[in-house]
Amino acid sequence: MQPTSKSYVEDWESLPWKKFQKDIFRLQHRIYKAQQIKNYKLVSRLQRLLFNSRAAKFLAIRQITQLHTGKVTAGIDGINKLNEKERFELFERIKSLKKFKHQPLKRVFIPKSNGEKRPLGIPTIRDKAIQCLIKYLLEPVYEAYASKGSRGFRPGRSTWDVQKNIFSNLSSHNINPKKCILELDVKKCFDKIDHDKLLSLIHLPLTIKRIIRSALRAGVLSKRFPTSEGTPQGGIISPLLCNIALHGIEDILNINTPASRFCNTHSRYIVKKADIIQRGIRYADDMIFFIDGYEDANELLKKMDDFLLERGLRVKEAKTHLVKLSSGFDFLGWRFEIKANNVLTCFPTKKNRRLMIDKIKTAMRDARFTLEERLKKVKVIYRGWRNYHQYCDLSKVNVWSINDWTYKYAKKLNAKLNRKDRALTKIKRIKTIQDIFTGHKLSPFGYAAVKSDKSLSDNDWIYWSKCK
């Protein structure tokens, strides 16, 4: 009897997803522990086992076709979604990858706030699934040796961890008027990474590493020739490859603190061994360094240039700034400043706030939708912005202006209604707008950051169950 679409749906939903997740995590934990003790033969053996796992392939397909936020973006094949029957067919296609060749990428340009365009390379659904499968193999390896200063695009980490780490570095007893902040960015990091150097840093069996090389050299459809540098930005594995390539740059300024500095019999804390002070924080290719007044920033930049040159990269001079701590600095959409009483404060940057206001005004002016639908869009935009900044001090930011503008614009749209309908919609409108812009809870620096030496692959579920 020929299977029906309903039977495919039932078969897909009846797969033991929880068991698949447990099996994958068990192998990832073993890879993590083997990498920590530098047993590379065991790492390779476990990676092959995970790569050929039926559970890993099904979960990769599920992640790409159902859970991933970019699942609706099509590659050069024009396919952006699969039904249950097509998912099983994709599983059969990726069972054997001996002769795998990555297809060219679809080039998509995303506008940036400075007027430039960021090029993205969109893989096909099959290539996305294979990239996700390889990510399962590589992620626990990187987590085993990841630096304390690496915070971006890691499981269990967020920008809030960066915010809390900055607060810890610049708390009142660490504030020095002569301390400076070096902000910098890597120029076209995803587009210029040297392939040979990147592949030398990746810990994978040779047969699987060939798949990575094929993905790196896939090229884009508009060019019709293979790429010799860069990672496919827009792919599932791109952020992880960026972290692997830049690993160690955030530790260039780290120093060992002498034990005598802390050994005080009158203090509660006695440090017998030298500690490592984390002086750099990296979120993907964005970085900041905390520099004392007696240190030379040019010497640090020279070390960074040498580090990046090996990888075919260089610092983006337009985004490199050395600022005094007293002047404040911007990072990840936040403005950090020191108050008069040597207390650190954090609030959204003007640029970030302006972007949110522009999005709300664009949504309200969209004549394709009713007023009720526009207000629902405004709610999504503002709630997302407010949730991102929930650990900031918003007393310095004027958020009332957009509230007032939204109310006046909604009132203007209702001006053409008759008196009875206008009275009814006015009450509803006021209540809806109040619900959007009020009732938010804020807790400046109240986020409980994840410990720098913890990882989701370490199997310490007692600790992770207590995290927010």
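Modeller: In this predicted model, Glu373 counts as partly exposed, because its relative accessibility of 37% lies between the limits of 20% for buried and 50% for exposed. The residue belongs to helix 14, which comprises residues 371-388. From there, the side chain of Glu373 reaches the backbone nitrogen of Thr370 at a distance of 3.0 Å. Ala363 is ten residues away from Glu373 in sequence, and the two C-alpha atoms are 9.4 Å apart in space.

A contact of a side chain with a backbone nitrogen is also found at helix 4. At the start of that helix, a side-chain oxygen of Ser53 comes to within 3.2 Å of the backbone nitrogen of Ala55. Helix 4 itself covers residues 54-67, 14 residues in total. From first C-alpha to last, helix 4 reaches 19 Å, close to the 20 Å expected at 1.5 Å a residue. Ala55 is among the buried residues of helix 4, as are Ala56, Lys57, Phe58, Leu59, Ala60, Ile61, Ile64 and Thr65.

Apart from neighbours within four places in sequence, Asp292 is in contact with Lys178, Lys179 and Arg279.

Note on methods: Residues are numbered from 1 along each chain as its sequence is written. This is a predicted model: local features need pLDDT of at least 70, side-chain atom pairs count only at pLDDT 80 or more; totals for chains, interfaces and linings use all residues. Side-chain values use heavy atoms; hydrogens and water are left out. Contact means heavy atoms within 4.5 Å. Helices (H or I, at least four residues) and strands (E, at least two) are DSSP runs, numbered from the N terminus. The expected span of a helix is 1.5 Å times one less than its number of residues. Buried means under 20% relative accessible area, exposed over 50%, partly exposed in between (1.4 Å probe, protein chains only). A polar contact is a pair of N or O atoms within 3.5 Å; within protein, one must be able to donate a hydrogen and the other to accept it, and residues adjacent in sequence count only if both atoms are side-chain atoms.
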